[in-house]
Amino acid sequence: MQESDRIMAERVHAVITASAPVLAPKLWYGMPAYALDGKLVCHFQPSTKFKTRYASLGFSDQANLDDGTMWAAGFALTEVTAEVEARISALVKQAVN
């Protein structure tokens with residue numbers, strides 16, 4: 001991973017593991033991912049993976065993010081600030097409940 005992606009991935013990893021220790025870190029297609037009972041819940045996609053202009057945090061259908069008939073399952077990341085960390089923490093906690 002390029003340094004900018006690696007720094008974001010490390011911060012995202014710290015937030016996810018602190019917010020939802022029940023999630024098991026793993027690699028998914030070479031990307032950092034987190035699983036519950038062997039099923040993928042979320043993953044970090046570096047910008048360099050598919051040569052995009054931003055990294056992303058994605059959630060699978062295993063994540064409990066349901067909100068009516070439509071909800072976000074992926075989020076673009078250009079920087080991980082304290083506000084972004086708080087939002088990731090809330091999303092991950094919701095995803096595993």
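Helices (H or I, at least four residues) and strands (E, at least two) are DSSP runs, numbered from the N terminus. The expected span of a helix is 1.5 Å times one less than its number of residues. The model is predicted: local features need pLDDT of at least 70, side-chain atom pairs count only at pLDDT 80 or more, and totals for chains, interfaces and linings use all residues. Residues are numbered from 1 along each chain as its sequence is written, and side-chain values use heavy atoms, with hydrogens and water left out.

**View 1. Helix H2 and its buried residues.** H2 runs over residues 82-96. The helix has 15 residues and reaches 21 Å from its first C-alpha to its last, close to the 21 Å expected at 1.5 Å a residue. Its buried residues are Ile 88, Ser 89, Leu 91, Val 92 and Ala 95. Buried means under 20% relative accessible area, exposed over 50%, and partly exposed in between (1.4 Å probe, protein chains only). These buried residues pack against H1, S3, S4 and S5. Contact here means heavy atoms within 4.5 Å.

**View 2. Ser 19 in helix H1.** Ser 19 belongs to H1, which covers residues 3-19. Ser 19 counts as buried because its relative accessibility is 15%. A polar atom of its side chain lies 2.8 Å from the backbone oxygen of Val 15. The Ser 19 side chain also makes a polar contact with the side chain of Ser 89, at 2.7 Å. A polar contact is a pair of N or O atoms within 3.5 Å; within protein, one must be able to donate a hydrogen and the other to accept it, and residues adjacent in sequence count only if both atoms are side-chain atoms. Not counting residues up to four places away in sequence, Ser 19 touches Ser 89, Val 92 and Lys 93.

**View 3. The largest nonpolar core.** A nonpolar core is a set of buried Ala, Val, Leu, Ile, Met, Phe, Trp, Tyr and Cys residues joined through side-chain atoms within 4.5 Å. The largest one has 23 residues. Those with the most contacts inside it are Val 12, Ile 16, Leu 23, Phe 59, Leu 77 and Ile 88. Two or more residues each come from H1, S3 (39-45), S4 (55-59), S5 (74-77) and H2. H1 gives the most, with five residues. Leaving aside neighbours within four places in sequence, Leu 23 contacts Ile 16, Tyr 34, Ala 35, Leu 36, Val 41, Cys 42, Val 92 and Val 96.

**View 4. Ser 60 in the loop between S4 and S5.** Ser 60 is buried, because its relative accessible area is 19%. Its side chain reaches the backbone nitrogen of Gln 62 at 3.0 Å. Ser 60 touches Leu 40 and Val 41, not counting residues up to four places away in sequence.

View 5. Most residues other than glycine have a negative phi. Asp 37 sits in the loop between S2 (31-36) and S3. At 75% relative accessibility, Asp 37 counts as exposed. Lys 51 lies in the loop between S3 and S4.
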